[in-house]
Amino acid sequence: MIHMRLIALASGKGGVGRTTIAANLGIALSKLGKSTIIIDASLTSPDLALLFKLEKSVYTINDALAGEASLSEILYTGPSGVKIAPAAVTLEQIRRARPERMPELLRTVPEKTDFVIIDAPSGLRRETIAALRAAREVLLVTTPDMVSVSDCMKTRLIAEFLGLTPIGMVLNRVRGEEFEIESNEIKTILNVPVLAEIPEDEGVKLALNQGVPLLVLDAKSPAAKAIMGLARRLIGGRGKVSKAAA
Ligand SMILES: Nc1ncnc2c1ncn2[C@@H]1O[C@H](COP(=O)(O)OP(=O)(O)O)[C@@H](O)[C@H]1O
Ligand SMILES: [Mg+2]
């Protein structure tokens, strides 16, 4: 169990790319030979299923959180063998789930698993705390703008309050434009290393449109390459750059 990494992708603001990164990072880690599970803990914005075309799944994490299914019953196999625990998209199912059961549920992850990537909800809601409590490490996700960075700061504080190590941040949708806050400045504000800079990439939208994850549709696109780099870096150690990532 000790070697297993339970990493929550967390942010203060919604729409910064957590779900996109969770889905593709999960595939990237699997491609690199790591047994990986992606968990949709973002119960009130359950978007992970859409990225894997799992929105018609009979069993979801909502059933597991309602105590009516086991984790193994709600895991679906995706590209490169990544396992996905989708959340239900209907309002009735969303209401049934008990988010506070998330830590208990994730204690049943099979021991041979290398990585559990948790798509945590944004903000500081009850379900956010539950998702963070289920994790052992936190990876902050932000876009290079002041609102997103400032909200991320609050998430960092909550994570620390819960005793979690923020291992770093991912800067997403970087366009290199003048009005963006520079990565060095964000690093200073959040006081965590930047583990990846993912560029704004129209491939992300194209992939969404085609219902195929970006890493499957176009592994050579700039955002896909950055996410592969992030996966290598995570495998290399906690915040350390591995040789493979260089
Ligand atoms: N690197 C990127 N380049 C272009 N579009 C992106 C990128 N990352 C995310 N997006 C888009 O931004 C929107 C929000 O992403 P999403 O992953 O759903 O964010 P969150 O889960 O944080 O709410 C989606 O429309 C997604 O396609
Ligand atoms: Mg999301």
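Helices here are DSSP runs of H or I at least four residues long, numbered from the N terminus. With that in hand, helix α1 gives the largest share of the lining of the largest pocket, namely five residues. Keep in mind that you're looking at a predicted model.

## The pocket itself

The largest pocket holds about 580 Å³ of space. It's lined by 32 residues, and Gly17, Thr19, Thr20, Val204 and Leu208 are the ones closest to its centre. Sort the lining by residue type and you get 15 nonpolar, ten polar and seven charged.

## Who sits inside

So what's in there? Ligand 1 sits in the largest pocket. There are 16 residues around ligand 1, and the ones that come nearest are Gly15, Arg18, Thr19, Thr20 and Arg173. By type, the shell around ligand 1 splits into five nonpolar, six polar and five charged residues.

Now for some of the atom pairs. Gly17, one of the residues closest to the pocket centre, has a polar backbone atom 2.9 Å from an oxygen atom of ligand 1. Asp201 also uses its backbone: a polar atom there is 2.9 Å from a nitrogen atom of ligand 1. With Asn172 it's the side chain that takes part, placing a polar atom 2.9 Å from a nitrogen atom of ligand 1.

How much of the accessible area of ligand 1 does the protein cover? On its own, ligand 1 has 560 Å² of accessible area, and the protein covers 86% of that.

Terms used
Residues numbered from 1 in each chain as written. Chains lettered and ligands numbered in written order. Predicted model: local features only at pLDDT ≥ 70, side-chain atom pairs only at ≥ 80, totals over all residues. Heavy atoms only, no water. Near = heavy atom within 4 Å. Polar contact = N/O pair within 3.5 Å; in protein donor to acceptor, adjacent residues only side chain to side chain. Areas by Shrake-Rupley, 256 points an atom, 1.4 Å probe, with all protein chains shown as cover. 1 Å grid on protein atoms, 1.4 Å probe; cavity = no way out; pocket = protein on both sides within 12 Å on 5 of 7 lines; lining within 4 Å. Sits in = over half its atoms within 2 Å of the grid points. Nonpolar A, V, L, I, M, F, W, Y, C, P; charged D, E, K, R; others polar. Points joined across faces, edges and corners; volume = space filled by probe spheres on them. Helix = DSSP H or I, 4+ residues; strand = E, 2+ residues; numbered from the N terminus.
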